[in-house]
Amino acid sequence: MHDDENAAAAPDPAGALAEAQDADVTVEVDRIAIDGTYVRVSSIGAPGERAFVLVAGLGISATYYERLAPHLNENGPVHALDLPGFAGVPRFSGPVSIERYADAVERVIDELGLHDPVLVGHSMGTQVVTEVAARRPELSDLVLISPVIDASARTIRQSAFRFLRSTLHEPAAVRWHGITAYALCGWHWFSKVLPKMIAFPIEERAASVQARTLIVRGERDAVVPRAWVRKLARVFPYAVLREVVDGAHSVMHAQADAVAQLAVAHVAGQLPDRGVSSLQRVRDDSTASDLARLAPADAWLILKSRFIELFGMARNDDEALEDAKSAHALAMADRDGLPVDAADRNAVVDEVAPEVRKAR
């Protein structure tokens, strides 16, 4: 494979937003009841023709999508889900399974009245959205980021070893999210769901999926080897593969710009398909760490919002989560040079860090 032929130029998925009058930074948090608990839904963007529904991995909160979500709403709203047992959401009672999590996602789709949403899953979330897509042949598009589990390594020991290897290439922000998310999940629930994830045969359900499927992996993702995604892609009736240079398992956070561009292009039917064996590569030279190129006021806004969000999840305080997530979206819009309505800016800052507004 020749990188010069297959590596794309640095993507700019925020371009469409930059041309808009104002970028949307207001995040709304809702709850959708299911089986004695609920799914927490964090939404950004105005209603439109196509919504994106984002499902995170085992034990992980919707926060993992915080850098991807704002760049997906050019065609409609983006809904990131916190599933039962994760991110402070109460657990299911009784048996748990990937299929039961798929039931929860279907409930969200129906309750929100979404027509042909684009389902996006990461890690265990790819199993959940694949199950949903297999049940709903009317769905048009599916995006799988770091799909698990490699059929040749379906043991807890092998998966844990590969995961630890992959974390060596993750940025500090991803490690922080992971540690706090697993703490909120708790070992009891994590250990209850983990065997279900290890055993789930995603390749068997893939054959029933009619949606056009985009599969994305990070170059340094030891959990999701190249051979595995090539094998998996061949099972789907329609699939294209992309690999993000220098990405690891949480590629949608560390290389959010590249993944956003791929997802938007996939939905628009603009990704060239050279066959699943090509595994075309893209580069991301534009995504920076959260605090890079930020003014001190915005850097403080992000740091403070992190702790507000964590305590909000621990206390099931949806208003605190809305404030914290909106503050992060505002700071990221500033970093990307996106215009934000002055009233929206002041409302977000006043709720999270009024001292920042006074310092401006």
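Predicted model: local features only at pLDDT ≥ 70, side-chain atom pairs only at ≥ 80, totals over all residues.

Me: What makes the contact between Glu355 and Lys304 a salt bridge?

Reply: The N to O distance is 3.2 Å. The cut-off is within 4 Å, for a Lys or Arg nitrogen and an Asp or Glu carboxyl oxygen, so this pair qualifies. The two ends sit in distant parts of the chain: Glu355 is in helix H15 (residues 354-359) and Lys304 in helix H12 (residues 296-315), 51 residues apart.

Me: Why is Glu355 called partly exposed?

Reply: Its relative accessible area is 33%. Buried is under 20% and exposed is over 50%, so Glu355 falls in between. Lys304, with 24%, is partly exposed as well.

Me: How do you know that Arg162 and Asp150 form a salt bridge?

Reply: Their side chains come to 2.7 Å, N to O, and the limit is 4 Å, so the label holds. Arg162 lies in helix H5 (residues 156-167) and Asp150 in the loop between strand S6 (141-145) and H5, so the pair ties together parts 12 residues apart in sequence. Both residues are buried.

Me: And what makes Arg107 and Glu111 a salt bridge?

Reply: Here the N to O distance is 3.4 Å, which is again within 4 Å, so the pair counts. Both residues lie in helix H3 (residues 98-112), 4 residues apart, or about one turn of the helix. Arg107 has a relative accessible area of 35%, so it goes down as partly exposed.

Me: How many salt bridges does the structure hold?

Reply: There are 25. Some join up: Asp103, Glu106, Asp110, Glu131, Arg135, Arg136 and Arg205 are linked in a network.

Me: Now the empty space. How do you know where it is left?

Reply: You roll a probe the size of a water molecule over the atoms. The search of the whole structure finds 4 cavities of 30 Å³ or more.

Me: What lines the largest cavity?

Reply: Its volume is about 220 Å³, and 19 residues line it, with Val27, Tyr65, Glu66, Ala69 and Lys325 nearest its centre. H13 gives the most, 4 residues. By class, the lining has 10 nonpolar, 5 polar and 4 charged residues.

Me: Which residues lie nearest the centre of the second largest cavity?

Reply: Pro70, His71, Met332, Ala333 and Asp336, out of 17 lining residues. This cavity holds about 150 Å³ of space, and H13 supplies the largest share of its lining, 5 residues.

Methods: Residues numbered from 1 in each chain as written. Heavy atoms only, no water. Buried < 20%, exposed > 50% of the residue type's maximum accessible area, 1.4 Å probe, protein only. 1 Å grid on protein atoms, 1.4 Å probe; cavity = no way out; pocket = protein on both sides within 12 Å on 5 of 7 lines; lining within 4 Å. Points joined across faces, edges and corners; volume = space filled by probe spheres on them. Nonpolar A, V, L, I, M, F, W, Y, C, P; charged D, E, K, R; others polar.
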